[in-house]
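Trainee: I am new to this structure. Can you walk me through the terms used to describe it?

Mentor: Gladly. Take a look, then ask.

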Amino acid sequence: MQMQGISLRNPTKGHCPPFKAHKYTIYNLVGCKVLCVITKYARMTTYMWMFCEGFYLHKLIAASFAEQKSLRMFYFIGWVFPVFPVTTFSILRWYFADEE
């Protein structure tokens, strides 16, 4: 099948130049993986903070006259807890990345 002088069976024929990898393409792989991990962590912290908000509001309504304790538990759930699943994901992704 032909389309404007470019063969769809062999895309290197016609007007398409052969693909040459840029010298920074190799280094981009590490940057992309780091960006993926940071994105997963940011998404996980967002969900954990939404959970913390809901749990805090539930505590306020359920025990309206009780003394409020420290918010350190919420900080732990919001910032530290997401490290564990994201680290597990990263290790498994790194370990199984090169399998076909």
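Mentor: Along the sequence, the protein chain runs in the pattern β-β-α-α-α. That gives three helices and two strands. Keep in mind that this is a predicted model.

Trainee: What share of the protein chain counts as buried?

Mentor: Of its 100 residues, 10% count as buried. The cut-off for that word is under 20% relative accessible area.

Trainee: Which residues of helix α2 are buried?

Mentor: Helix α2 covers residues 72–80, and its buried residues are Phe74, Ile77 and Gly78.

Trainee: Which residues form the nonpolar patch on the surface?

Mentor: Leu71, Tyr75, Phe76, Trp79, Val80, Phe81 and Phe84 form that patch. Together they have about 690 Å² of accessible area. The largest share, four residues, comes from α2.

Trainee: Where is Leu71?

Mentor: Leu71 is in the loop between α1 and α2.

Trainee: Why is Leu71 called partly exposed?

Mentor: Its relative accessible area is 36%. Buried needs under 20%, and exposed needs over 50%. The value for Leu71 falls in between, so Leu71 is partly exposed. A patch residue needs over 30%. Leu71, at 36%, passes that cut-off too.

Trainee: Which residues make up the patch of positive charge?

Mentor: Lys33, Lys40, Arg43 and Arg93 gather there, on the surface. What makes them positive is simple: Lys and Arg count as positive. Helix α1, residues 25–62, gives the largest share, three residues.

Trainee: Where does Lys33 lie, and where is Arg93 found?

Mentor: Lys33 lies in helix α1. Arg93 is found in helix α3, residues 83–96.

Trainee: How far apart are the C-alpha atoms of Arg93 and Lys33?

Mentor: They are separated by 9.6 Å, though the two residues are 60 residues apart along the chain.

Trainee: Why is Lys33 called exposed?

Mentor: Exposed means over 50% relative accessible area. Lys33 has 52%, so Lys33 is exposed.

Trainee: What makes Arg93 count as exposed?

Mentor: Set its value against that cut-off again. Arg93 has 56% relative accessibility. This is over 50%, so Arg93 counts as exposed.

Technical notes:
Residues are numbered from 1 along each chain as its sequence is written. This is a predicted model: local features need pLDDT of at least 70, side-chain atom pairs count only at pLDDT 80 or more; totals for chains, interfaces and linings use all residues. Side-chain values use heavy atoms; hydrogens and water are left out. Buried means under 20% relative accessible area, exposed over 50%, partly exposed in between (1.4 Å probe, protein chains only). Patches are made of residues with over 30% relative accessible area and no salt bridge: like charges are joined within 9 Å, nonpolar side chains (Val, Leu, Ile, Met, Phe, Trp, Tyr) within 5 Å. Accessible areas come from the Shrake-Rupley method with a 1.4 Å probe; for residues, only the protein chains shown count as cover. A salt bridge is a side-chain nitrogen of Lys or Arg within 4 Å of a carboxyl oxygen of Asp or Glu. The place of a charge is taken as NZ of Lys, CZ of Arg, CG of Asp or CD of Glu.
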